[in-house]
Amino acid sequence: MKRMMFVALALMMVAGCKTVTAPVEVAQTAEQKAYALYGTFVVFEELAASVVTDPATPAAAKDFIKKSDATAKPAADALLQSARQVIQIQSELAAGKTPTEKLEIANARLESWVVAAQPKILALQCAVNPRQKACDDIHNVQIKE
Amino acid sequence: MDLTLISALLRTLASVSTIASTGKKAEAVASTLTYAAKLVELGAEGEQKLKDLTAEVQTMVESSTPLTEDDFEGLKQRSDTAHATIQGA
């Protein structure tokens, strides 16, 4: 049995260690970063939904995913709300209804939400797909016999 | 190595371990292998979706297309659905 487990883990390691460019890395403006980060969150939240509804998923893994999602969701939604405010202020500014300073403040707030939400979204990402290199420092996966 | 092949191998190992012996330990090993196969499949799916999202953002940057509230609303709805599934599981 142990030999079989080693084979399984070795295969997982071979399959892993791919580096994928994060969408947020190509984004330039604050709202593009927010879209890229929230989009990343949605990708992994949908994968997480698939994992937790699979009967083969161990209870401990389900609990870990649920907790990671419960932590990431409020931060991601706050990020989204902040991005919506930036878009609204941009329209107001275009219509000459608001000063430029208001947009600068909203952009700075959005940038800070991007920074605040990133580790929580990465934690969910790693709860779902622990093979990524970026997850090495977050936790080590333990598969118990 | 192809991820689909790895996943198939893990699932085969899971079946073999169930057939080879009986008892809770064998079932646990089979279940772990099936879970490992699922992780490999999801890893590949996640990588592809991230590539697609990266390409979408890259296009946005190059064309200077402004984002709208509707763009975010679509993502929010998908997130709310997935969140409800996860927390209700």
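1. The angle itself is about 25°, and the two axes are 9 Å apart. H3(A) covers residues 30-52, while H3(B) spans residues 69-88. The crossing of this pair is left-handed.

2. Which residues make the contact between H3(A) and H3(B)? On the chain A helix, they include Tyr35(A), Tyr38(A), Phe41(A), Val42(A), Ala49(A) and Val52(A), along with Glu45(A) and Glu46(A). From H3(B), among them are Phe72(B), Leu75(B), Ala82(B) and Ile86(B), as well as Asp71(B), Arg78(B) and His83(B). By class, this contact has 11 nonpolar, 4 polar and 4 charged residues.

3. Stepping back to the whole interface, 57 residues of chain A touch 48 residues of chain B. On the chain A side, two or more residues come from each of helix H1 (2-15), helix H2 (23-26), helix H3 (30-52) and helix H4 (59-94). H3(A) gives the largest share, with 19 residues. The chain A side divides into 35 nonpolar, 10 polar and 12 charged residues.

4. Chain B itself is simply described: 3 helices and 0 strands, in the order α-α-α from the N terminus. Of its 89 residues, 34% count as buried.

5. Within chain A, please also look at H4(A) and H5(A), the latter covering residues 100-128. Their axes lie 8 Å apart at an angle of about 160°. The two helices are therefore roughly antiparallel to each other, as angles over 145 degrees are counted that way. This crossing, too, is left-handed: that holds for H4(A) and H5(A) and for H3(A) and H3(B). The contact of H4(A) with H5(A) has 23 nonpolar, 7 polar and 4 charged residues.

6. Lastly, a friendly word on confidence. The mean pLDDT of chain A is 84, and 77% of its residues reach 70 or more. Over residues 13-17 of chain A, however, the pLDDT is below 50, although this stretch has 10 contacts in the model beyond near neighbours in sequence. Residues 140-145 of chain A also stay under 50, with 7 contacts beyond four places in sequence. Where pLDDT is low, the predicted coordinates should not be read in detail.

Note on methods
Residues numbered from 1 in each chain as written. Chains lettered and ligands numbered in written order. Predicted model: local features only at pLDDT ≥ 70, side-chain atom pairs only at ≥ 80, totals over all residues. pLDDT = per-residue confidence, 0-100. Contact = placed C-beta atoms within 7 Å. Helix = DSSP H or I, 4+ residues; strand = E, 2+ residues; numbered from the N terminus. Nonpolar A, V, L, I, M, F, W, Y, C, P; charged D, E, K, R; others polar. Axes fitted to C-alpha atoms, helices over the stretch in contact; angles between N-to-C directions. Left-handed = near helix turned anticlockwise from the far one by under 90°. Buried ≥ 20, exposed ≤ 12 C-beta atoms within 10 Å, placed from the backbone. Parallel < 35°, antiparallel > 145°, perpendicular 65-115°, else oblique.
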